[in-house]
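The structure is shown first, followed by the points grouped by topic.

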Amino acid sequence: MSAALNILNLPCFHSFSLLSRIPDCKTWSAALDAKFYSHGSPFTLTQWDQLLSDYAAITDVPATPFAEDLITAYPDAKIILMERDIDSWFTSFDNNVIKTIWAPYTQFIGSVDPWYVGPLKDMHMRWVRGWMAAHSEEEMRRVAKRCYREHNEMVRRITPTERLLEYRMGSGWGPLCEFLGKDVPDVEFPRVNEAAALQEKIAIILRRGAGNVLKRVLVVVGPLLVAGIWVGWYR
């Protein structure tokens with residue numbers, strides 16, 4: 001959906017957006033802390049405007065846990081609720097999100113790379129533990145479908161009918177463009193292989209994190225190694 005909204009000239013925030021805006025992870029973490037951990041005050045409209053000023057639409061985590069807050073904060077915004085087969089969604093969520101978040105290598109790189117992977121990992125763990133109340137891989141897996149249903153039910157309950165489009169995957173441009181008041185583009189509706197795209201992004205993130213750690217190790221160890229060689233040479 002984010003790709004479709006971008007084609008319609010509605011710049012859309014997606015979790016991938018944070019890969020080039022790592023400092024924003026700190027702001028999202030502060031919002032999550034206030035909402036789920038009682039650390040700080042809930043975000044105001046001014047703070048949401050500052051965080052989302054470059055976007056006309058928003059989707060995906062870490063925004064999903066704030067659906068009710070954002071629907072209330074922006075009373076004129078139109079809401080698109082994606083309808084997917086829940087079993088198909090869960091398979092994708094499990095393979096691409098749950099397993100990745102809890103993978104030992106992801107957790108390790110996030111712990112030793114405070115410059116790039118660390119802020120991403122810390123932010124994601126906040127919504128996992130706060131919004132989903134999951135503190136392990138198995139617990140996250142166990143509550144996932146319930147969270148999915150409860151989220152959709154909440155969106156339906158609080159959103160006025162005229163502001164809500166329940167969009168089913170595969171419906172194409174028609175209902176989306178009619179709802180948003182946009183002309184149908186002269187391109188096919190984007191069909192992004194989300195699983196492949198996500199795995200590619202994850203691989204890039206972890207490589208960059210590992211590279212950051214290696215650079216810092218070399219900065220520390222390199223001079224010591226050179227000094228050791230120099231001392232050994234002149235003995």
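Which residues in α5 are buried? In this predicted model, the buried residues of α5 are I86, W89, F90, F93, D94, N96, V97, I98, T100, I101 and W102.

**Helix α5**
- Helix α5 covers residues 86-102 and bends by about 40 degrees at D94.
- D94, where the bend lies, is among the buried residues of the helix.
- At the start of α5, a side-chain oxygen of D85 comes to within 3.2 Å of the backbone nitrogen of D87.
- An α-helix has 3.6 residues a turn, so residues three or four places apart point the same way.

**Packing of α5 and α7**
- Helix α7 spans residues 117-130, and α5 packs with α7 at an angle of about 110 degrees, their axes being 11 Å apart.
- This angle makes α5 roughly perpendicular to α7.
- The crossing of α5 past α7 is left-handed.
- On the α5 side the contact involves F93, V97, I101 and W102, and on the α7 side M125, W127, V128 and R129.

**Packing of α2 and α7**
- Helix α2 (residues 23-36) packs with α7 at about 20 degrees, with 9 Å between the axes.
- The two helices are therefore roughly parallel to each other.
- α2 and α7 also have a left-handed crossing.
- C25, W28, S29, L32, D33 and F36 of α2 make the contact with P119, L120, M123, R126, W127 and G130 of α7.
- W127 of α7 meets α5 and also takes part in the contact with α2.

How values were computed:
Residues are numbered from 1 along each chain as its sequence is written. This is a predicted model: local features need pLDDT of at least 70, side-chain atom pairs count only at pLDDT 80 or more; totals for chains, interfaces and linings use all residues. Side-chain values use heavy atoms; hydrogens and water are left out. The bend at a residue is the angle between axes fitted to the seven residues ending there and the seven starting there. Helices (H or I, at least four residues) and strands (E, at least two) are DSSP runs, numbered from the N terminus. Buried means under 20% relative accessible area, exposed over 50%, partly exposed in between (1.4 Å probe, protein chains only). A polar contact is a pair of N or O atoms within 3.5 Å; within protein, one must be able to donate a hydrogen and the other to accept it, and residues adjacent in sequence count only if both atoms are side-chain atoms. Axes are lines fitted to C-alpha atoms, for helices over the stretch in contact, and angles run from 0 to 180 degrees between N-to-C directions. Angles under 35 degrees count as roughly parallel, over 145 as roughly antiparallel, 65 to 115 as roughly perpendicular and the rest as oblique. A crossing is left-handed if the near helix is turned anticlockwise from the far one by less than a right angle, and right-handed if clockwise. Contact means heavy atoms within 4.5 Å.
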